[in-house]
Amino acid sequence: MKKIGIVALGRYLPEKKLTNADIEKIVDTTDEWITTRTGIKERRIAADGELTSHLAIAAAKDALRNSPVKAEDIEAIFVATVTPDSAFPSMACLVQKELGATKAFAYDINAVCSGFLYAMTTAKQFIATGMIKNALVIAADRFTTLIDWKDRNTCVLFGDGAGAAVLGLVEHGGILSDFMIANGQGAPLMGVVPDKIRGPYDTTVDTAKLPYVVMNGQELFKHAVPGMAEAVNIAAQKAGITVHDLKCVVPHQANDRIIASVAKRAGIDKERFFINIDKYGNISAASVVVALCEAVEAGRIKKGDKIALVVFGAGLVAAANIIEWSY
Ligand code: ACO
């Protein structure tokens, strides 16, 4: 059996910071409420004209700078996003063009906040069958373009950004297990819902009235905690280890209280979770890969360590992977 792992990581966060103090001026909220209820202190906001493809390309270039596989040798590109620049062409094709990755096939994946792990596992399967030897997996979102900035229930939570990983064959370690699950019964809990669904040849839709995120935060919280705790336990079981063997857990960064509850429920010391939600808020699919990149840079993950990645998102969708770190 071939060993398949992450061989390089990269990220890109827009420069502009929006602090809790800035949001206090927009809606009826306080730094104290946001900090204690979510753990978020600030988030990044894409600049005017800075599109999701730009974020994705910048993160991809950062990963390739550190990668043993060069752009011209990349054989597949997957971009996890829910905020593509437009319905088509895909973000993956725009990345492929910009990188000059002419040997790659390319397409996008939508699994909202679980998108990076859904895309990584998809890429891994192509490598495992021998169809390709490597892949570039990116998660990028300008999530704040979907936000109603008058809704304090949602506007405090999200930010923009991108992360990327190069997958390839590895000598040591690699991805030890994969777990993905969906529960469409929970789909009504969060979504981007237009006031009116646009029909074919529909001339009556007010295109100026944009759809935005509608979310039942409390119910999502109740699903996210068992969903992530179970996902990490199942992935550990599939890898033939227990959660006590995990050096580090990198979770989706939606809410610090969700992470604390997942840690308790899964029986893992919270100290072993890598958390950067204070700096970026929830950046959708990019959260977990940006956090992974920073955990490796901070020395929290070293060669030979067994780690877990675990995510949860609207849909509902959850996923977890156990990885033995390869470099
Ligand atoms: N500032 C001040 N008060 C607020 C704010 C705010 N920004 N937002 C809500 N409140 C108020 C509410 O109006 C409510 O007031 P009331 O008691 O007078 O009615 C009170 O605070 C409590 O509201 P709750 O919704 O019960 O607050 P909760 O503790 O549940 O926290 C939160 C809300 C942060 C949204 C939490 O439920 C959560 O994180 N849920 C999960 C959300 C999530 O993970 N979403 C993404 C998943 S999928 C993906 O990542 C794409």
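Let me start with helix α10, residues 286-297, whose 12 residues should span 16 Å at 1.5 Å a residue, and whose end C-alpha atoms are 17 Å apart, which agrees. The expected span here is 1.5 Å times one less than the number of residues, and helices (H or I, at least four residues) and strands (E, at least two) are DSSP runs numbered from the N terminus.

This is a predicted model, in which local features need pLDDT of at least 70 and side-chain atom pairs count only at pLDDT 80 or more, while totals for chains, interfaces and linings use all residues. Residues are numbered from 1 along each chain as its sequence is written, and side-chain values use heavy atoms, with hydrogens and water left out.

Staying with α10, 11 of its 12 residues are buried (under 20% relative accessible area, with a 1.4 Å probe and protein chains only), so the helix is largely enclosed by the rest of the structure. Among those buried residues are Cys293 and Glu294, and just after α10 Gly299 takes a positive phi of about 80 degrees.

Turning to Leu316, this residue lies in the loop between β12 (306-313) and β13 (317-324), and is buried, with a relative accessible area of 4%. Leaving aside neighbours within four places in sequence, Leu316 is in contact (heavy atoms within 4.5 Å) with residues including Ile181, Leu189, Leu220 and His223.

Finally, Ser326 sits in the segment after β13 and counts as buried at 13% relative accessibility. The side chain of Ser326 reaches the backbone oxygen of His172 at 2.9 Å, and, not counting residues up to four places away in sequence, Ser326 also touches Ile6 and Lys303, among others.

Note on methods. Buried means under 20% relative accessible area, exposed over 50%, partly exposed in between (1.4 Å probe, protein chains only). A polar contact is a pair of N or O atoms within 3.5 Å; within protein, one must be able to donate a hydrogen and the other to accept it, and residues adjacent in sequence count only if both atoms are side-chain atoms.
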